[in-house]
Amino acid sequence: MTRLSGAGSAGLPGGAGTLRRWTSALPFGSHDYRGPFTRKVDDPLHVRPKYRPEIDGLRALAVVPVILFHAGFELFSGGFVGVDIFFVISGYLITTIIYREIETGSFSIIQFYERRIRRILPALFVVSIACIPFAWLWMLPSEFKDFSKSLVAVNLFASNILFWRETGY
């Protein structure tokens, strides 16, 4: 396994030694740590996440209160808790990926964001386009105008700003 070396490696306070001390405090020790990752045989620095069905299940459960909140069930008025849980789980997964890539010396912020873009944008655009005909059929003109503003804001990743300015979100 490739190790970080030198003071201040990867911008970590105290350098790689701090990272090794932190991981050595784990019950399995830093030398045993492989995390939820495996490497491709032909590329020793390529980091590929191992599929974790239990984590997918937890994320699916976290989404349920959000869906029920938006469906109007008053019992789930705190649907935002599901969003928080989803973000914590996703943050764990992303942090583990970043940590492992830093450890192997293969981390690139550009590649990190490129992977996010390739994963998120296609789904965002498909859902946005699929919603337009339904909104046009079922919404009143004033609602469709609000929907259109929301659609533009979502695709520019500015929906929170729009909702905050218009509804006190």
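Predicted model: local features only at pLDDT ≥ 70, side-chain atom pairs only at ≥ 80, totals over all residues.
Reader: What does the chain average in pLDDT?
Author: The average is 78, and 70% of the residues score at least 70.

Reader: And over residues 1-42, what is the pLDDT there?
Author: Below 50. Beyond near neighbours in sequence, residues 1-42 have 67 contacts in the model.

Reader: OK, helices. How do you even describe two packed ones?
Author: Two packed helices are described by the angle between their axes and the distance between the axes.

Reader: So what are the values for H2 and H3?
Author: H2 covers residues 53-70 and H3 covers residues 80-104. Their axes come within 7 Å and cross at roughly 155 degrees. Angles over 145 degrees count as roughly antiparallel, so H2 is roughly antiparallel to H3.

Reader: Is the crossing of H2 and H3 left-handed or right-handed?
Author: Left-handed.

Reader: Which residues in H2 meet H3?
Author: Ile55, Leu58, Arg59, Ala62, Val63, Pro65 and Val66. On the H3 side, the residues they meet include Gly82, Phe86, Ser90 and Tyr92. By class, this contact has twelve nonpolar, two polar and one charged residues.

Reader: Moving on. How do H4 and H5 cross?
Author: At roughly 175 degrees, with axes that come within 10 Å. H4 is residues 109-138, and H5 is 141-155. The angle is over the 145 cut-off, so H4 is roughly antiparallel to H5.

Reader: Which residues meet between H4 and H5?
Author: From H4, among them Leu124, Phe125, Cys131 and Trp138. From H5, Glu143, Phe144, Phe147, Leu151, Val154 and Asn155. The contact of H4 with H5 divides into eleven nonpolar, two polar and one charged residues.

Reader: New topic: where is Phe157?
Author: Phe157 is in the loop between helix H5 and helix H6, and H6 runs over 159-167. Phe157 has a positive phi of about 55 degrees although it is not a glycine.

Reader: Is Phe157 buried or exposed?
Author: Exposed, because its relative accessibility is 58% and the cut-off for exposed is over 50%.

Reader: And Ser159, buried or exposed?
Author: Buried. Ser159 is in helix H6, and its relative accessibility is 18%. Buried means under 20%, so Ser159 counts as buried.

Reader: What does Ser159 touch?
Author: Ala153 and Val154, leaving out residues up to four places away in sequence.

How values were computed: Residues numbered from 1 in each chain as written. Heavy atoms only, no water. Axes fitted to C-alpha atoms, helices over the stretch in contact; angles between N-to-C directions. Helix = DSSP H or I, 4+ residues; strand = E, 2+ residues; numbered from the N terminus. Parallel < 35°, antiparallel > 145°, perpendicular 65-115°, else oblique. Left-handed = near helix turned anticlockwise from the far one by under 90°. Contact = heavy atoms within 4.5 Å. Nonpolar A, V, L, I, M, F, W, Y, C, P; charged D, E, K, R; others polar. pLDDT = per-residue confidence, 0-100. Buried < 20%, exposed > 50% of the residue type's maximum accessible area, 1.4 Å probe, protein only.
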